[in-house]
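This briefing covers a few features of one protein chain. Look at the sequence and structure below, then read the points by topic.

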Amino acid sequence: MRLPRRAALGLLPLLLLLPPAPEAAKKPTPCHRCRGLVDKFNQGMVDTAKKNFGGGNTAWEEKTLSNEIRLLEILEGLCESSDFECNQMLEAQEEHLEAWWLQLKSEYPDLFEWFCVKTLKVCCSPGTYGPDCLACQGGSQRPCSGNGHCSGDGSRQGDGSCRCHMGYQGPLCTDCMDGYFSSLRNETHSICTVRTGLSDSYPPCCLSLGCWRGVGHAWIRGRNTHTQPGYSSRVWIAAFSPACDESCKTCSGLTNRDCGECEVGWVLDEGACVDVDECAAEPPPCSAAQFCKNANGSYTCEECDSSCVGCTGEGPGNCKECISGYAREHGQCADVDECSLAEKTCVRKNENCYNTPGSYVCVCPDGFEETEDACVPPAEAEATEGESPTQLPSREDL
């Protein structure tokens with residue numbers, strides 16, 4: 001059954017007559033639009049979770065109408081009246097959303113995965129990319145060895161190559177850049193750490209960028225401009241040439257105030273190179289289903305907990321809102337056990353209730369037949385059908 005929407009769809013003919021809006025600097029991809037629709041649907045579930053949509057005069061009608069009216073309200077809030085592309089996408093895909101809401105959400109609780117990845121096939125699961133959702137370089141579990149971003153990650157675009165974080169290089173971001181050394185390397189992890197302190201060999205800044213001035217000496221691009229008798233180049237560097245601060249691309253001293261030029265990810269502020277907090281940018285660099293973690297010279301986008309509708313950090317304790325079927329408990333989103341609520345969830349006689357993550361199912365015991373009002377033994381069910389001139393409508397699993 002297709003539900004009519006009262007407002008948004010009625011405006012589509014008018015929108016077709018309006019002059020086209022100026023083209024955005026970067027047109028959203030189909031995956032971006034689909035993710036945005038899902039984010040708004042999830043928010044609609046949160047906004048309508050505690051409303052009363054009753055209206056039927058039997059338990060079955062009450063539950064059916066409640067679900068349909070709630071769905072109608074969620075659909076009405078998905079698109080602004082002036083957002084033609086959103087309304088166009090909703091008009092084309094409304095039946096899919098209705099099917100998920102009324103029949104499939106218990107089996108497929110992740111709407112994004114079911115709708116955008118598996119049904120419309122405009123997005124990929126995290127860690128995969130491209131038309132066929134292939135695994136990113138380094139594997140879908142830890143793309144780019146956890147040290148970079150995969151091109152096209154989560155979309156049907158890109159080539160799966162790695163854009164390494166600061167300090168890393170190579171096709172899988174496992175090698176260290178100049179100025180960094182490998183502090184850990186095994187079969188699963190590679191960690192590069194910036195060089196600091198004294199060294200008994202030429203630090204990378206001396207080889208390519210120049211080192212800071214020492215007492216009585218000035219080193220420029222690895223050449224001593226004032227070599228005293230008895231000092232070898234190697235001994236002089238060991239005594240006077242630490243590496244530049246990690247915030248510096250070039251430097252004349254040890255600190256972030258001695259940078260000649262700031263590294264990528266740092267910016268000059270009151271005479272010092274300071275880290276850019278990409279997570280504070282507007283709009284945020286991560287999607288609504290992710291949270292941003294700032295790092296020196298860079299940032300990463302991490303997935304929110306599956307119980308969250310938006311989040312500020314890792315785990316169910318940092319959810320902005322809880323998805324349907326979850327509620328705040330001891331400061332975090334926890335599954336609601338619908339089967340233990342004071343108000344009985346499964347209302348048919350003899351019916352068993354089973355809690356599931358974010359939902360529940362009502363099932364007749366083994367050996368019982370399912371009717372509209374009760375779970376009854378087979379012989380009793382046959383007698384009931386024989387007495388009734390009209391067969392009751394089949395109960396939908398909502």
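The side chains of Arg-348 and Glu-370 form a salt bridge, with 3.6 Å from N to O. This pair links distant parts of the chain, 22 residues apart: Arg-348 is in the loop between β20 (332–335) and β21 (352–356), and Glu-370 is in strand β23 (residues 369–370). The model is predicted.

**Salt bridges**
- Arg-348 also meets Glu-351 in a salt bridge, at 2.7 Å from N to O.
- Arg-348 counts as buried because its relative accessibility is 3%, and buried means under 20%.
- The whole structure has 5 salt bridges.
- One of them joins the side chains of Glu-261 and Lys-249 (3.9 Å, N to O).
- Glu-261 lies in strand β12 (residues 259–262) and Lys-249 in strand β11 (residues 248–251), 12 residues apart.
- Glu-261 is partly exposed, at 41% relative accessible area, and Lys-249 is partly exposed, at 28% relative accessibility.

**Nonpolar core**
- The largest nonpolar core contains 25 residues, and Leu-37, Phe-41 and Trp-101 are among those with the most contacts inside it.
- Helices α2 (30–47), α3 (59–76), α4 (84–104) and α5 (111–119) each provide at least two residues of this core.
- The largest share, 7 residues, comes from α4.

**Surface charge**
- Asp-153, Glu-302, Glu-303 and Glu-314 form a negative surface patch.
- Glu-314 sits in the loop between β17 (308–311) and β18 (319–322).
- Glu-314 counts as exposed because its relative accessibility is 64%.

How values were computed: Residues are numbered from 1 along each chain as its sequence is written. This is a predicted model: local features need pLDDT of at least 70, side-chain atom pairs count only at pLDDT 80 or more; totals for chains, interfaces and linings use all residues. Side-chain values use heavy atoms; hydrogens and water are left out. Patches are made of residues with over 30% relative accessible area and no salt bridge: like charges are joined within 9 Å, nonpolar side chains (Val, Leu, Ile, Met, Phe, Trp, Tyr) within 5 Å. Accessible areas come from the Shrake-Rupley method with a 1.4 Å probe; for residues, only the protein chains shown count as cover. A salt bridge is a side-chain nitrogen of Lys or Arg within 4 Å of a carboxyl oxygen of Asp or Glu. Lys and Arg count as positive and Asp and Glu as negative; His and the chain ends are not counted. The place of a charge is taken as NZ of Lys, CZ of Arg, CG of Asp or CD of Glu. Helices (H or I, at least four residues) and strands (E, at least two) are DSSP runs, numbered from the N terminus. Buried means under 20% relative accessible area, exposed over 50%, partly exposed in between (1.4 Å probe, protein chains only). A nonpolar core is a set of buried Ala, Val, Leu, Ile, Met, Phe, Trp, Tyr and Cys residues joined through side-chain atoms within 4.5 Å.
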